[in-house]
Amino acid sequence: MAAVLLVIAALAPVLAVAAEHRYRAVGHRMAVVFDAPYTDASNWTLGHTSAYPPPDTHHRQCNRANGKLDCISPAWSAPTGSTFTAHRTNSGCWQADEASTEYSPRHFQVQTGDEVRARVTLNADSGAWASLWTWPQEVDLFEYHAAHPTRLELANHANPTGYRPKGSYRLYDHLIRPGTAFTLDVRLLAAGVQWRVNDRLVFTSVALPSTWKSYLIVNLSIDSGTRAPTKHAAKAAFTLAHLTVLRPI
């Protein structure tokens, strides 16, 4: 049995490339369907998502139960250009940037068959928890915890076999360097989600439902220390630029 599993693991990258070649060969030309800047209010909503608990009386959404110290709000969650920040106020509260296509007038959703591209720069600011993900059917295009400064977390939680079965999730160390920009390319294929970093295939997950679709979320949170011991800086930031979604035509 162990030998069979080793053979399957060795063949996985080959099968992934073959599946992609078949996908391209049958005439799936790709067209850009989304590339809006975060300032485009018809495509993005700032500081509001159903992925967090409902707003409190101060119009803040906080997600402490998930180990996040920060709160988001339309009053302060606008990124500066393509840079998302979180900072600690004098009262000790963390205010963080967040952008989502949910609740926007266009209600744009990514769907099975799409390809998501971005240029990302991550920093090892203590406590930083940066992510690009989808909701309500969650795929983590990446998560990054500064406690592990060269690691990306890649996950397909929307697979039909459970939240985190074998083959749906990968912690990839020594993949990126803090402060150095990299290209991210995620192909949301029914046969399996494919992640590429700097044009290198690094992970192919289990299958994605053919009817899957979800909103995009970009945000920077502050880890409470539940995932790793954390001594927090006063401010954290990361950049996610040139976010583009392509779709077969």
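Modeller: Welcome! A residue is called buried when its relative accessible area is under 20%, exposed when over 50%, and partly exposed in between, using a 1.4 Å probe and protein chains only. By that rule, W195 and F203 are both buried. This is a predicted model, where local features need pLDDT of at least 70, side-chain atom pairs count only at pLDDT 80 or more, and totals for chains, interfaces and linings use all residues. Residues are numbered from 1 along each chain as its sequence is written, and side-chain values use heavy atoms, leaving out hydrogens and water.

Colleague: Why is R187 called buried?

Modeller: The relative accessible area of R187 is 11%, and the limit is under 20%, so R187 counts as buried.

Colleague: How do you know that T80 is exposed?

Modeller: T80 has 61% relative accessibility. The mark for exposed is over 50%, so T80 qualifies.

Colleague: What makes F34 and W44 an edge-to-face pair?

Modeller: There are eight aromatic pairs in the structure. For F34 and W44, the ring centres are 5.4 Å apart and the planes stand at 70°. Rings of Phe, Tyr and Trp (its six-membered ring) pair if their centres lie within 6.5 Å; planes under 30 degrees apart are stacked, over 60 edge-to-face and the rest tilted. The angle is over 60, so this pair is edge-to-face.

Colleague: And why is the pair W195 and F203 called stacked?

Modeller: Their ring centres lie 5.3 Å apart with planes at 25°, which is under 30 degrees, so the pair is stacked.
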